[in-house]
Amino acid sequence: MKRHEALYPLSHHHHHTLTMAQQLKKADDNSSIQKMTRDVIEFWEKDGEDHFRDEEEVLLPLYGQYESVDQPEIKEMLIQHVQIRSYVYQIRGSKRPDRQLFRELGALLQEHVRLEERVIFPMIEKAVPENYLFQANGRFHRDSYSGF
């Protein structure tokens, strides 16, 4: 899907999120709970938490200047942010998280990225003037893997 250049940093985060989601969805008896826990925490601390802030504090307020944010798709996005945070906090706070928790988080991450890439971002690209999208880009944190 063609994405506006200003949203590339967020789409780069999504690429890494999908990689993490695939890994988590495959959690089975051979998967190391300790490694998955470390991977989730590292993913969250390096990129996930800042990515959500970028969307909640930069992108959605910008969109709200041109369209109402009181839309089911936006509400679903924000509910998913809360759910994902909850999974991360459960994993971080548990001595031995259940593998099912990792699989559920993986499925939710995948669903969330699809919602944003296929529905939310196109809504934003349509509503927000290009020059303001570029200005928002300068406020997004850079991906720890690619530097974008």
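Tutor: A polar contact is a pair of N or O atoms within 3.5 Å; within protein, one must be able to donate a hydrogen and the other to accept it, and residues adjacent in sequence count only if both atoms are side-chain atoms. The model is predicted: local features need pLDDT of at least 70, side-chain atom pairs count only at pLDDT 80 or more, and totals for chains, interfaces and linings use all residues. Residues are numbered from 1 along each chain as its sequence is written, while side-chain values use heavy atoms, with hydrogens and water left out.

Student: Which residue has a side chain joined to that of His 51 by a polar contact of 2.7 Å?

Tutor: His 51 lies in helix H2, residues 33-64, a helix being a DSSP run of H or I of at least four residues, numbered from the N terminus. Its side chain makes the 2.7 Å polar contact with that of Glu 55.

Student: Is His 51 buried or exposed?

Tutor: Buried means under 20% relative accessible area, exposed over 50%, and partly exposed in between, with a 1.4 Å probe and protein chains only. Because its relative accessibility is 5%, His 51 counts as buried.

Student: Why is the pair of Trp 44 and Phe 52 called edge-to-face?

Tutor: Rings of Phe, Tyr and Trp (its six-membered ring) pair if their centres lie within 6.5 Å, and planes under 30 degrees apart count as stacked, over 60 as edge-to-face and the rest as tilted. By this rule there are 2 aromatic pairs. The centres of the Trp 44 and Phe 52 rings are 5.3 Å apart, and the pair is edge-to-face because the planes stand at 85°.

Key:
Helix = DSSP H or I, 4+ residues; strand = E, 2+ residues; numbered from the N terminus.
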